[in-house]
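This briefing goes through one protein model topic by topic, for a reader who has the sequence and the coordinates at hand. Please look over both before reading on.

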Amino acid sequence: MRFNHALATSVVLVAGLAGSAVTVPADASAHHSDPAVVTTWNTIATRTIFTENATPVPVSTLYFGFVSIAVYDAVVAIEGRYRPYLRQPSVHGRASTEAAAATAAYRVLSHYFPASASNLASDYATSLSGIPDGSAKSRGQRVGEAAAASLIAARTNDGRGAPITLDVTPAPGVWRPTPELFAPMLAPWLGFVRPLALKSPTQVRLPGPDPITSKAYARDFAEVKAMGAAVGSSRTPEQTQTALFWNAPVPVQYNAALRDRTTSSGMDIVRTARAFALLNTGTADAVIGCWRAKYDYAYWRPITAIRLADTDGNPATAADPSWSPLVATPPYPEYVSGHACLTGAASETFSRLFGARSIDIDVSSSVTGTSRHYATAAALDAETKNARIWLGLHFRQAMDDGNRLGHRTSTWIATHEFLPVH
């Protein structure tokens, strides 16, 4: 394991829901902590990470993970029932879980996004204003400070921002910067960052992309060429709307969906904090694994493959020098799809929290201004995989393999981290 886990508090066994045994601190009071503090600070994290600091989508998953883990550790240090991610000091006497959760989120966000200090300080003051003054509030704040400090210390020198570049020689099948910006690979260091839970970025193995001379490649090539074109595609209007719906920042979409789902299902503060820790640790590690695959395989994008098909040695492909995707291609290699990796991780998390056939999440899109309901994980997986092909950004194999990487990542995390205390 990455760190030795230890209980943050002394615990006693009590009867849990559905007859299961759970644990609570021996000094727990009758006060029921409000889970809204978790969802409120998740909303604040979204504003801080995206709106105020314009963090790129793949990189943002790390910071959602950091905040969610610190909040989870602060909550379980007081409430018990689940093992902390990092060792936390014992809590002696009654402590406010709301103050602990708010403080943990505030300190982590303030540390990583100092430009947002003023807004975060205002948010924090608002959070604390609703908590009665006294020793419980002060003690909760100290718990949150400790949780944030342990997370920040654990992530020091984790590889973020390392001076790594992707340097490959252009050739058939090999990635190269794409129109219109022709920018170098975005955040190549992300594939070398120490994962939050997995043992290494390459722990979940991938088969690699199809050889460009294969029949499988020609089949995927034909699909994206026909369905993903900006002009003259075979998409229906409904398929175009689906593609655009999923061109919004997907971490924002899934965090918002989980806020609604945990609230509507009546989860308490412990289960709510754990739900966000599972979602955002899983998506962060899935994206780290994805970015390593992008770096290692350096596979070309459809816009390059279709325009240069006369160089691929495959008689079943035909070049179209004027072909363009429905939306601009982002600046990083094709295999595997980051959207698919992130969605697979989220889909697996939703399945474990609510049941694969009953995830019942509502997802909104800032691109189309609409919302959609997904009853099952399978429906979510299928639609998102199609959407990225219909945007003209990926071959189907990158969607299938990326989605599996995400599922396997979240499965491993759910069986190794954030576990009940027995």
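This is a predicted model: local features need pLDDT of at least 70, side-chain atom pairs count only at pLDDT 80 or more; totals for chains, interfaces and linings use all residues.

**The loop between helix 5 and helix 6**

- Asn 157 has a phi near 55°, a positive value in a residue other than glycine, and with a relative accessibility of 77% Asn 157 counts as exposed, because the cut-off for that class is over 50%.
- Phe 182, placed in the loop between helix 5 and helix 6, also has a positive phi, of about 55°, although Phe 182 is not a glycine.
- Most residues other than glycine have a negative phi, and most peptide bonds are trans.
- Glu 180, found in the loop between helix 5 and helix 6, is joined to Pro 179 by a cis peptide bond, with omega near 5°.
- Ala 183 is likewise found in the loop between helix 5 and helix 6, where a relative accessibility of 21% makes Ala 183 partly exposed.
- Once residues up to four places away in sequence are set aside, Ala 183 touches Trp 175, Pro 177, Thr 178 and Pro 331; Ala 183 and Ser 265, which are 82 residues apart in sequence, are 44 Å apart in space, C-alpha to C-alpha.
- Phe 192 lies in the loop between helix 5 (135-154) and helix 6 (215-227), and its relative accessible area of 30% places Phe 192 among the partly exposed residues.
- The contacts of Phe 192, not counting residues up to four places away in sequence, are with Asp 158, Ile 164, Pro 201, Arg 292 and Tyr 295, while Phe 192 and Ala 115 are 77 residues apart in sequence and 26 Å apart in space, C-alpha to C-alpha.

- Tyr 335 and Val 336 are joined by a cis peptide bond whose omega is about 0°, and Val 336 has its place in the loop between helix 10 (302-307) and helix 11.

- Strand 3 and strand 4 (residues 370-374) run antiparallel and are joined by 5 bridges; among the bridge partners, Ile 361 is paired with Tyr 374 of strand 4, and Ser 365 with Thr 370 of strand 4.
- Between the strands of this hairpin there are 4 residues, and Gly 369 takes a positive phi near 70°.

**The largest nonpolar core**

- The largest nonpolar core has 128 residues, of which Trp 41, Leu 62, Leu 109, Trp 246 and Phe 350 touch the most other members.
- Leu 62 is in contact with Arg 160, Trp 189, Leu 190, Val 193, Leu 196, Ala 284 and Ile 288, leaving aside its neighbours within four places in sequence.
- In soluble globular proteins, nonpolar side chains tend to be buried together.

- The elements that give two or more residues to the lining of the largest cavity are helix 1 (36-52), helix 2 and helix 9.
- The residues that line the largest cavity are Val 38, Trp 41, Asn 42, Val 67, Ser 68, Val 71, Ala 105, Ala 273 and Phe 276; by class, 7 are nonpolar, 2 are polar and none is charged.
- The second largest pocket holds about 400 Å³ of space, and the elements that give two or more residues to the lining of this pocket are helix 2 (57-79), helix 9 (269-297) and helix 11 (338-354).
- Of the 23 residues that line the second largest pocket, Val 57, Pro 58, Pro 330, Tyr 332 and Arg 388 lie nearest its centre, and the lining by class has 15 nonpolar, 5 polar and 3 charged residues.

How values were computed:
Residues are numbered from 1 along each chain as its sequence is written. Side-chain values use heavy atoms; hydrogens and water are left out. A nonpolar core is a set of buried Ala, Val, Leu, Ile, Met, Phe, Trp, Tyr and Cys residues joined through side-chain atoms within 4.5 Å. Buried means under 20% relative accessible area, exposed over 50%, partly exposed in between (1.4 Å probe, protein chains only). Contact means heavy atoms within 4.5 Å. On a 1 Å grid over the protein atoms alone, a cavity is a set of points where a 1.4 Å probe fits but cannot get out, and a pocket is an open set with protein on both sides within 12 Å along at least five of seven lines; lining residues have an atom within 4 Å of a point. Grid points are joined across faces, edges and corners, and a volume is the space filled by probe spheres set on the points. Ala, Val, Leu, Ile, Met, Phe, Trp, Tyr, Cys and Pro count as nonpolar, Asp, Glu, Lys and Arg as charged, and the others, Gly among them, as polar. Two strands pair if DSSP finds at least two bridges between them.
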